[in-house]
Amino acid sequence: MSTLKLTIDGVEVEVEQGSTVLQAARKAGIFIPSLCAHEELSPYGACRLCVVQIDGVRGTPTSCTTPATDGMVVHTDTEQLQIQRKRTLELMMSGHPSPCFSCDSREDCESVKKQPSRAGSATRCGTCSNRPICELRHVAMGNFERDIDLPLLYYPEKVERNDPFIDKDHNLCVLCGRCVRTCEKLHTNPAISIANRGKFAKVSSEFGKAWNEEECLFCGACVDECPTGCLTDRWSKWFGAPERAAETLCSMCPQHCKLILKIKDGKIIGTRAPSIKKEDAICAGGRFVFTQLVNTRTRLLRSQVKEGREQIPQGGEAAVKRVSEILENARGKILVIGSKSAYYETRKAMRALAKHFGAELVEMDYDASAADLPPDIVENINSGKYEAVLSFGNYLDEELASKAKGLIVADFVKTPAQNFAEVVLPVLIFGETAGSLFNAEGRKISVQASVKTSLEQRPMSGYIADILKPLDINLGEFDFEPEKLSSEFRSPAKYRDALPSYFLGHNLADYIPDLEKLGKKPSASKKSWKPAEGEGFEILENKTLVPNFHALKVKAPDIARHARAGQFAIIMAYRNSERSPFTLIDWNAEEGWVKFIIEEVGRSSAEIGALKAGDRLFVVSGPLGTPVDLSIFKPGQKVLLAGGCYGIGAIMPVARALAEKGVETTCVIEASSSYMLFFKKELKGVCKKLVLKTRDGTEGEKGGCSDYIAKEGASYDGVIAIGCVFMMGQCAKAAPADESKPALCALNPIMVDGTGMCGACRVSVGSETKFACVDGPFFDIRKVDFAELADRRNAYRLLEVEAMPRSLGCHK
Amino acid sequence: MEILKSRRRDAQKVWKEFSDGAKTRILIGAATCGRAAGALDVEKEFAKKLAETGLADSVEIRQTGCIGLCYAEPLVEIKRPGEPSVLYSKVKPADVKKLIDEHIVGGKPVQSKAEAVMSDAEYMGIKPFGEHPMVSLQKRIVLRNCGIIDPTSFEHYLARGGYEGLERALSMSPEEVIKEVLDSGLRGRGGAGFPTGMKWSFARKSNSDTKYIICNADEGDPGAFMDRSVLEGDPHSVIEGIIIAGYATGSNHAYIYCRSEYPLAIERLTLAIKQAEEAGLLKSELPNGFKFDIKIKKGSGAFVCGEETSLMASIEGVRAMPRPKPPFPAVSGLFKKPTNINNVETLAAVSSIMREGAAMYNSLGSEKSKGTKTFSLAGKIARTGLIEVELGTKLGDIINKIGGGCADGKHFKAVQTGGPSGGCLTAEHFDLPVDYENLAAAGSIIGSGGMVVMNEDSCMVEVAKYFVSFTESESCGKCVPCRMGTQHAHKILEKICSGKGEPEDIERLQKIAFTMKQSALCGLGQTAPNPIVTTLRYFKDEYIEHINAKRCPALVCPEMVHFSVAADKCRACGMCARACPTGAASGKPGSPYSIDAQKCISCGACYQACKFGAIVRQ
């Protein structure tokens, strides 16, 4: 191909004919900010960030859409272009929840909160799952400046969680069109396009239907190409940025598609297609089911060997020894059930094993379940023909398993049928282990083990090799010709109804509830906790105040009767929920109700937030904690109350109690942006003066409560600050040094019992160790070790991510 | 052309019969504007009354297009054999009997209703149409047949020189045709003003077995109706232009992209295409082996479809969003084939240029803007309607002489030219020659030719808000500057209009406008801030008054206007109370009424309703 030369910012670049100016600039190592441009997608020209000036060309064309021509002279960084980019970026960010960008404390805050809090919807970078990998953030970082000073446009109703696997928060969308172009490129019948005009324009399927009602194959490519957190993988989004990638093949169907694994902390946290080329397209199984299956909470981790009537973990070696014994004793009367989806090495080893022990080998097909076991085999098991049965996968249902003699099950998840086994072997699946598979052309492809084995999990071929090792068998004799891809084969990457329902005999819908939305039926309905009549605490009202913040009114007459300002209660949504403390905001002894502010930050709060009026909470225990000591303030004195996020609600009872006592209060409240401020009217009713602070300056003064404390704090007779650890830490630094005046905070460490028994809520105050639940929650803000508190709160970060309720609120 | 020879002979006969026949003829102006004013009721009444008087067989009723005097609709022409045709204005069904009795039967035109006579000489004291104040300064080339012929008659068009331009073009080489159009100086009448001949030459040079001509009939500016009138009143002039364009560029197919809000235009076009096909002009091989066809594609009224790349996307059946150029349509357009897009008026002008020659057209207009341009006059002007003038005509002549100044003796404040993409001009521009260069220099554009006049009762901030709200809702949403810029500009203007404006808002608007103009993807976004920029340029004091004094000088913005009753003028008639939607205006017979400021929403209904000027706005 012929080349041409052009000059960009004084640098001469030689590029191929047909290159764009942007491509030429990249080749020359000149950075031009861009978002909608993508190497593998057609030029689009929507984000308008990559504007340049070209000698002899009118206006400021976008470099991503302008073909480079010979002799062209391009300028990428003139003053006018800088102004245009700055303002275009501000316009873009004005429709994106971006208060974190205008917050002066962003860097400090993010150094304390190293990962975004796992909120229901992203109201800012700090609650956005995409923060660690966000391209928009990358482009905006360092370039974002409020020049026009525009208000933020945020619409809570733009969050959609009605589809399987994919969360859509259209507030975050910048309409770069990458998802749409990706879908158009990959699929003959693209599922999504941009619907509506102007401010109503959004990525949508036909007539705004759920994507699963449309052509969408849930290949997830749109999610992978989204430069913002608009389209996210609901299950894996909170894990953050992967540390490395590895290539593997999927073995859920005979297509054996190539997948790229995203790996972090030795875990597979996601997959994606190798490219956005039609021939590389994958299905929902490869993109979503794969990862969720590998990370199933009921993964088998240890070998079990039956001793008497009980299965006992005995370690891998003992288990293999026992298997060998069983097989040796049952020689000639053995059934081996394998799977065609297994690696070639496993299948070869199973052939060798069957030959050596004179066993009957049945290889189950892809997508086969226990119901597909040949009738004669079932009959033989029932009639006790076999002395031993070795099943790789879940091919014997409970009833059949109970009849099988010498049952050995190798599997990756726990099943009820395994209770009848003599030996249970935990196996590795997919890219967790090395092996080889055949691609669609019949070529053998080796797959590397991409993650570390946990506990006693091993590849199936490894177990068999151990059994066969002492027997001196030449595996080479058992090479076989693998099945060719049938001409009738329908690839799930092209046909949604071809999506497999089973893997190694397991019904996928049992493990991945989202599959129900794609028409897959779970084997049996899951039992969820339903409170019996009269059990639990009835929710009278659940009102969303601002995104992620719920005002929860609960019927709890006993608590209402005893509650005092500053106390909290422990709430559990379900029987198996975490116990989490929530401040009592308001209560009415006569009517028997109490109120909480629930801020969604993780599993427990999200579970509570998802409940509706009429639902019941499993536990509400309280009032707990020491009420705020009101005796330290005298009538006529002036007290400053500072509240941030949930703290806006938490200062409410204190303000009320002080007002009743005749103490004059000023409430200063802060939120990231105007659309996150709440309780303005309520607080005005109980305080003398209300001061509003927003981190991005969109309402009230720009900044946080600590700014006000630093400026005015000394003129008050006392200060109480309640909010997140970062906010209280900032307030602590700003608090008046005069120790004769009280300066308090209310701490929110992890708690379990809330009665001083477990010690989880240990905090360092001055030189003393205190229990926040009984000694607190109120402490002298000047003496609290906030760094330690932040560390302790982060202790269960990974577990918290793993525990996230992935399908909450999505299956209405 | 052989195929038209015999048709032309017939056509002359038909036209003679129509224009000067032996029967009395009633001609109803039944374009959309006339219909909206009740022309069809008038037509029905004529038919009914003629039947009653036994004249049905001796009098013929025909329809025609819009002659341009929209303010005077319904317009009816009555012509008795051997006498000139008299044009009557504002004809109501109630007038019909008198017109029949006195003019048709009695032979005496009804002077009180007569607007003009359709001849060169005065007739019974009625001035000729050519001397009508709205007409005398016009130069009608594109509109020459509108309101004159029956648009459903192929013969009428032929008889008035129709398809002579095509015949002449086909006798030339395509390159010669392009040169002729270049020489005429014709520039794109859709708004951009790009030389038409040059555009054609680009399409001509593109090599492809398939090329397309698109006629852009997606007229979307509020207050613009030039294209509609041409399509309704003289559809063949557009079809002839399209065929000539097709021949010159070497195209084989054409689409007319017309909004479905123009049902009559689509009906007329459909018929005209059928007639042209039957005449062998379309779908048949013409001399030189040229074969061509035209299809109509109905749009559903998205402003952005006026932008050529969106329009092509819409024809292709995908979402209408502009795409970046290059590639230009002349290289890769509709279905990725070379495509030439012209506006309705441009193509209609081509027919005349090819018929009369480039020199005729080039002799008209100003130095760089040749020929004529149609304008629609709308808003608070005395004579609303459709006009065609030479480019370079002074703005003041258009507004005051042709348009008759503001209605009801109010003071002229500004005129918005070019629709939402244009800007406003003031009385200080009355001496400005209206052409592409001069309007651009004044911060506005000719655009497709809409002129919306504002008087002293118009709040210019509110006007800017209106146009921005239009572009906000019509923005496709693709590019950031347009999608977000229109939203914020609209919000800021709303804020100013509701008395909450801050001094910084003016700078904010200017910054947004700059960003949109420089950075937006397509013409819609780049020009959307023009109404803001020009109102800020010429009426900044009104913005400042809104922001600093919290006062709307034109007393338009509801939140800054207060209504009360002047007791000395109130006659306690109760009209204000009846008009008031909130019950704020109330009172009892005998004593002056009052307005409860708490309940008042400043809608102005009482102000409109009061006949005694007793409602005070301040």
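Two residues are taken to be in contact if their C-beta atoms, placed from the backbone, lie within 7 Å. The model is a predicted one, and every value below was computed from it.

**Overall build**

Chain A contains 22 helices and 39 strands. Its radius of gyration is 31 Å, close to the 28 Å that the globule rule gives for 812 residues, so chain A is as compact as a globular protein of that length. Chain B, for its part, contains 24 helices and 18 strands. The radius of gyration of chain B is 26 Å, close to the 25 Å given by the globule rule for 618 residues, and chain B is therefore as compact as a globular protein of that length.

|---|---|---|
| Chain A | about 95 × 80 × 50 Å | 53% of 812 residues |
| Chain B | about 80 × 65 × 40 Å | 56% of 618 residues |

The domain assignment divides chain A into domain 1 (3-77), domain 2 (235-522), domain 3 (537-624) and domain 4 (631-798). For chain B the assignment gives domain 1 (15-130), domain 2 (163-361), domain 3 (372-455), domain 4 (460-548) and domain 5 (562-617). Taken over C-alpha atoms, the centres of domain 2 of chain B and domain 5 of chain B are separated by 55 Å.

**Nonpolar cores**

In soluble globular proteins, nonpolar side chains tend to be buried together. The largest nonpolar core of this model has 337 residues, and those with the most contacts inside it are Cys219(A), Ile408(A) and Cys215(B). When its neighbours within four places in sequence are left aside, Cys215(B) is in contact with Val238(B), Ile242(B), Ala254(B), Ile256(B), Tyr257(B), Asn342(B), Val344(B) and Leu347(B). Apart from this core lies another, of 97 residues, which includes Ile571(A), Val663(A), Ile720(A) and Ala746(A).

**A covered strand in chain B**

Strand β1 of chain B, residues 24-29, is mostly covered, with 6 of its 6 residues buried. In a regular strand the side chains alternate between the two faces of the sheet. β1(B) runs parallel to strand β2 of chain B (residues 59-64), to which 6 bridges join it, and the bridge partner of Gly29(B) in β2(B) is Thr64(B). β1(B) also runs antiparallel to strand β3 of chain B (residues 76-79), with 4 bridges between them, and here Ile28(B) stands opposite Val76(B).

**A sheet in chain A and the domain it faces**

In chain A, 7 strands form an open sheet with antiparallel pairing, in the order β29-β24-β25-β28-β27-β26-β30. Its edge strands are β29 (616-617) and β30 (619-624), each of which pairs on one side only. Strand β26 of chain A (residues 568-572) pairs with β30(A) in the antiparallel sense over 4 bridges, and Ile571(A), one of the residues of the 97-residue core, stands opposite Val620(A) in β30(A).

The centres of domain 3 of chain A and domain 4 of chain A, taken over C-alpha atoms, are separated by 20 Å. In the contact between them, 17 residues of domain 3 of chain A meet 20 residues of domain 4 of chain A. On the domain 3 side, the elements that give two or more residues are β24 (537-546), β26, β27 (580-588), β28 (593-599) and β30 of chain A; the largest share, 5 residues, comes from β27(A). The residues of this side divide into 11 nonpolar, 3 polar and 3 charged.

**The contact between the chains**

The contact between the chains takes 26 residues from chain B and 30 residues from chain A. On the chain B side, α17 (460-474), α18 (480-497) and α19 (504-519) each supply at least two residues, and α18(B) gives the most, with 8 residues. The residues of the side of chain B that touches chain A divide into 9 nonpolar, 10 polar and 7 charged.

How values were computed. Residues are numbered from 1 along each chain as its sequence is written. Chains are lettered from A and ligands numbered from 1 in the order in which they are written. This is a predicted model: local features need pLDDT of at least 70, side-chain atom pairs count only at pLDDT 80 or more; totals for chains, interfaces and linings use all residues. Domain bounds come from an automatic or database domain assignment. The radius of gyration is taken over C-alpha atoms; the globule rule is 2.2 Å times the number of residues to the power 0.38. A residue is buried if 20 or more other C-beta atoms lie within 10 Å of its own, exposed if 12 or fewer, and partly exposed in between; C-beta atoms are placed from the backbone. A nonpolar core is a set of buried Ala, Val, Leu, Ile, Met, Phe, Trp, Tyr and Cys residues joined through C-beta atoms within 7 Å. Two strands pair if DSSP finds at least two bridges between them. Ala, Val, Leu, Ile, Met, Phe, Trp, Tyr, Cys and Pro count as nonpolar, Asp, Glu, Lys and Arg as charged, and the others, Gly among them, as polar.
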